[in-house]
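Here are my notes on the pockets and the ligand site, point by point. Have the model open while you read.

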Amino acid sequence: MTRKQLSMREKSLVFIGFMGVGKTTVAQLVAKNLYRDFIDIDQEIEKEFGMPTTEIFNEIGETKFREKEREYVLHYCKQPLKVISLGGGAFMQEEIRKACLHHSIVFYLDISWDSWKERLHMLIDSRPVLQNRAVEEIETLFHERESTYKEHKSKLMTDNFNEEEVAEYIIESIKLAWDLYS
Ligand code: S3P
C-alpha cells in the first residue's frame, strides 16, 4: 500500500546541523509553538539503550548507534506533524538524507567555525565524535559535513541569534510557507 503523500502543512519538520548548534533547543521551541510532538533522535536511542551516547559509543559501538539512528529517523520522518531534531552525524547517511528530504521539511541550522569553536569546551564531554581529536581534525570534520548539510530545504545562519530568535524566525517562515503553498 503506497503511503499517502503528506501535504506541506502535515509534513514533519526536521532539524539538522553540526553538534552543539542548538538543534534540540530550537526544535523543542518550534514544537511547543506549533502544538506538535517533539522527537529528539539521540534521546530516543539513549532511552532504548538506557545509557548516554558516549557510553553507547564506548560499550556498544558507533556502528550500532548509527543503525539505531537510521531506524528511528526513517520511522519518524515519514510521520505527519512531528518536529524532529537529528544528531549531527545522522544526515551523513544517504538513506536518512533521501528519506528526510522526500517526506519532511528539512531546516539546516548553520554556524561559522569561528563561533562554533568557542563552544567546544562545553561539548567535548558529551560528544564521543569530538573526543581524542585535535582541533584541526574537528575543523576538517566541520567543513566536510557542511557540504552534506547543504542538501537542505531551508538554512538559517545562527551566529548572531539566540535559540529563541532562531525558533521565532523559523515559526514565522514556516507559517508563511503554509499560507503560500497549502
Ligand atoms: C553526533 C552528534 C550528536 C550525537 C552523537 C554523534 C555526530 O548529536 O548524535 O554524539 O556524529 O555529529 P548532536 O548533534 O545533537 O550533538
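How many cavities of 30 Å³ or more does the count come to? I get to that in point 5.

1. First, some housekeeping. This is a predicted model, where local features need pLDDT of at least 70 and side-chain atom pairs count only at pLDDT 80 or more, while totals for chains, interfaces and linings use all residues. Numbering runs from 1 along each chain as its sequence is written, and side-chain values use heavy atoms, with hydrogens and water left out.

2. Start with the ligand. There are 14 residues around it, and Lys23, Arg66, Gly88, Arg127 and Arg145 come nearest (near: a heavy atom within 4 Å of the molecule). By class, this shell holds six charged, four polar and four nonpolar residues (nonpolar: Ala, Val, Leu, Ile, Met, Phe, Trp, Tyr, Cys and Pro; charged: Asp, Glu, Lys and Arg; polar: the others, Gly among them). Helix α4 (residues 62-76) gives the largest share, three residues (helices are DSSP runs of H or I, at least four residues; strands are runs of E, at least two; both are numbered from the N terminus).

3. Now the atom pairs. A polar side-chain atom of arginine 127 sits 2.5 Å from a ligand oxygen, and a backbone N or O atom of glycine 88 is 2.7 Å from an oxygen of the ligand. For glycine 89, a polar backbone atom lies 3.1 Å from a ligand oxygen. On its own the ligand would expose 390 Å², and the protein buries 96% of that (Shrake-Rupley, 1.4 Å probe).

4. The ligand takes up the space of the largest pocket (more than half of its atoms lie within 2 Å of the pocket's grid points). A pocket here is an open set of points on a 1 Å grid over the protein atoms alone, with protein on both sides within 12 Å along at least five of seven lines; a cavity is a set where a 1.4 Å probe fits but cannot get out; lining residues have an atom within 4 Å of a point. The volume of the largest pocket is about 510 Å³. Its lining has 29 residues, with Met19, Asp42, Gly87, Ser126 and Arg127 closest to the centre. Elements giving two or more of these residues are α1 (23-33), α2 (41-49), α3 (53-60) and α4. The lining splits into twelve polar, nine charged and eight nonpolar residues.

5. Back to the opening question: the count is one cavity of 30 Å³ or more. The largest cavity holds about 40 Å³, and its lining includes Phe18, Tyr108, Phe142 and Glu146. Both β4 and α8 (135-149) supply at least two lining residues. Six of the lining residues are nonpolar and two are charged, with no polar ones.

6. Last, the second largest pocket, at about 150 Å³. Which element gives the most to its lining? That is α9, with five residues. Tyr169, Ile170 and Ala177 are among the lining residues, as are Met8 and Phe107. By class, the lining has eight nonpolar residues, two polar and one charged.

How values were computed
Polar contact = N/O pair within 3.5 Å; in protein donor to acceptor, adjacent residues only side chain to side chain. Points joined across faces, edges and corners; volume = space filled by probe spheres on them.
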